[in-house]
Amino acid sequence: MGAGGAATALLHSLTEQGVRHGNLPHAVVVFEQSGVPGPGAVYREDLLSARINREAHGMSVSNTDLGHFVRWRVDKGLGTGPSQVNDSTDAGDMFPGRCVFGTYLRDQFEQAVRRLRGLGVRVDVVHDLVVNLLVSADLNSPLGLFTRSRQVWTVTELVLALGSPPQPDSYRLSGTPGYHRDPFPLARLVQSVPADASVAVLGTGLTSVDVAVALSEAGHRRPIHLLSRSGMLPRVRADLPPARLVHFTAENLTRLAGRHGLALGDLARLLQQDAHGLPPLVDVLDEVCSTDSPTSSLRRQLAGQEPEIAAWQQVLAATNPAVETAWRLLLPDSQRKLLERHHRALTNLRNPMPRVNASKLLALLESGLLRVRSGLRHVGAYSDGTYYAVLSTTRPGKRVTCMQEFDVVISAVGPDTGTDGLHAMPLTAALINQGLARPHRYGGLAVTEHHELITADGTPNPRIHVIGNLTSGTFYYTSSMEMTARQAERTATRLLDARVLQKHGLEVRT
């Protein structure tokens with residue numbers, strides 16, 4: 001299951017807050033399956049071409065110190081300060097490899113453990129997988145944890161920092177010889193894909209960009225095909241200063257919602273006030289989703305020919321401090337409409353790719369070594385190991401369907417946060433099957449705004465907390481390290497409450 005970024009941020013915050021307020025826990029037990037705590041699956045050792053997609057000065061285990069990672073790199077001699085670089089002159093400093101951030105996470109995990117032990121806190125790191133949990137109705141009774149190797153542990157507080165569920169296998173290709181359900185680590189992927197193989201990458205998001213760049217830099221000789229329903233590549237990160245919002249704030253959202261909640265129009269009006277004369281957001285979202293040549297679109301973006309969309313990108317990126325509040329206060333019908341109508345475009349704008357990767361994609365497209373196709377309908381496998389993709393396009397007056405064959409298929413879609421994905425993880429499956437948890441209708445596990453796990457009958461369990469991507473249905477935007485650190489800080493604050501510290505200790509399940 002891995003001790004990843006969420007667990008590391010939680011340990012960091014427990015240490016900082018505990019020292020600051022003098023209320024350290026008695027004991028912490030970390031369960032993690034791998035032998036390398038800290039990086040998790042996302043930031044493990046890999047090719048440097050697999051970059052973080054946010055500027056380094058926005059990545060940190062600390063919610064109150066977003067420059068922590070940058071200073072760590074400077075101290076380690078691995079980079080320069082943010083004022084000395086920009087995306088066009090030194091992408092390696094602005095957007096280093098994810099494995100560099102993984103080294104940082106490992107270092108922060110080890111530092112937190114050392115500090116806690118030095119302060120008299122017992123810290124155990126157990127290299128095992130928790131597969132089941134027994135919970136008594138008596139809140140004063142300990143929780144029983146059962147591991148795959150038949151160990152039994154009892155704890156008083158539990159934090160699930162499990163990372164993301166596995167990617168979906170929508171076309172049931174697992175087990176076929178040329179299918180890669182998880183492309184990471186890319187170093188292993190590029191060694192296993194023959195340079196002359198015809199390759200289909202399922203998805204056109206940030207992961208597909210990483211795959212295409214890695215294969216091309218490893219010397220792949222045949223065109224790489226990125227396939228999805230929309231054919232929409234990530235936007236290129238705007239080369240503009242950050243936006244500052246004064247209207248779209250958690251305080252204003254809460255005041256406006258009152259007792260009745262918010263509609264999408266309420267969010268749009270506040271954002272428009274911060275947009276300083278930009279065109280309406282809904283028009284920009286429609287333009288982002290409009291069908292266009294990927295090559296032409298990348299050229300325009302890199303040349304700065306879409307300044308209004310770029311400016312809106314910066315506005316949306318600045319909403320992080322309030323986005324959880326906005327989602328929580330949205331009326332149920334407005335939440336549904338946002339997901340159905342605008343989520344894809346919003347995600348595209350909020351999670352752009354570094355300009356260095358955009359330039360590489362453009363070069364590949366112009367050389368014919370990369371092709372982006374929309375209209376993906378199905379992928380299947382023949383008995384001889386060849387794959388086929390069914391694609392459709394709409395032309396005036398008719399719909400045209402075609403098939404294309406490939407030697408290798410690489411899945412680059414996001415995690416399956418629905419019921420299937422949750423049941424693919426042993427512990428979450430056990431929790432759901434026993435009624436100790438329930439899936440959220442918009443993904444992940446249902447939790448309260450305080451991260452308390454909600455049982456099947458709707459009752460929050462104050463002793464079990466969930467942080468990270470498994471809270472996506474409740475908090476909407478959870479895939480950013482900034483948001484993860486914010487969740488970790490909130491949870492640490494509650495765990496260090498005096499009522500909790502009267503008990504025997506706490507456990508961090510990762």
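Helices α12 and α18 are roughly perpendicular to each other (65 to 115 degrees; under 35 is roughly parallel, over 145 roughly antiparallel, the rest oblique). The model is predicted, so local features require pLDDT of at least 70 and side-chain atom pairs pLDDT 80 or more, while totals for chains, interfaces and linings use all residues. Residues are numbered from 1 along each chain as its sequence is written, and side-chain values use heavy atoms, without hydrogens or water.

**Helix crossing**

- The axes of α12 and α18 come within 10 Å and cross at roughly 70 degrees (lines fitted to C-alpha atoms, for helices over the stretch in contact, with angles from 0 to 180 degrees between N-to-C directions).
- The crossing of α12 past α18 is right-handed (near helix turned clockwise from the far one by less than a right angle; anticlockwise is left-handed).

**Aromatic pairs**

- The whole structure holds 10 aromatic pairs (Phe, Tyr or Trp six-membered ring centres within 6.5 Å; planes under 30 degrees apart are stacked, over 60 edge-to-face, the rest tilted).
- Trp-327 and Tyr-476 are stacked, because their ring centres are 4.9 Å apart and their planes lie at 25 degrees.
- Trp-327 belongs to α12 (residues 320-329), and Tyr-476 to the loop between α17 (472-475) and α18 (481-495), so this pair ties together parts that are 149 residues apart in sequence.
- Trp-327 and Tyr-476 are both buried (under 20% relative accessible area; exposed is over 50%, partly exposed in between; 1.4 Å probe, protein chains only).
- Tyr-382 and Tyr-388 make a tilted pair, with 4.9 Å centre to centre and 40 degrees between the planes.
- Tyr-382 is partly exposed at 37% relative accessible area, whereas Tyr-388 is buried at 19%.
- One aromatic cluster is formed by Tyr-43, Phe-69, Trp-72, Phe-101 and Tyr-104.

**Arginines over rings**

- Arg-350 sits over the face of Tyr-477, 4.0 Å from the ring centre (NZ of Lys or CZ of Arg within 6 Å of the centre and within 35 degrees of the ring normal).
- Arg-490 lies over the face of Phe-475, at 5.3 Å from the ring centre.

- β11 and β12 (residues 387-395) run antiparallel and are joined by 5 bridges.
- Val-379 has Ala-389 of β12 as its bridge partner.

- The peptide bond between Phe-184 and Pro-185 is cis, with omega about 0 degrees.
- Pro-185 is placed in the loop between β7 (179-180) and α5 (186-192).
- Arg-150 is not a glycine, yet has a positive phi of about 75 degrees.
- The loop between β4 (143-147) and β5 (152-155) holds Arg-150, which is exposed at 77% relative accessible area.
- Arg-172 is not a glycine either, and has a positive phi of about 55 degrees.
- Arg-172 is in the loop between β6 (158-160) and β7 and is exposed, with a relative accessible area of 64%.

Definitions and conventions
Helices (H or I, at least four residues) and strands (E, at least two) are DSSP runs, numbered from the N terminus. Two strands pair if DSSP finds at least two bridges between them.
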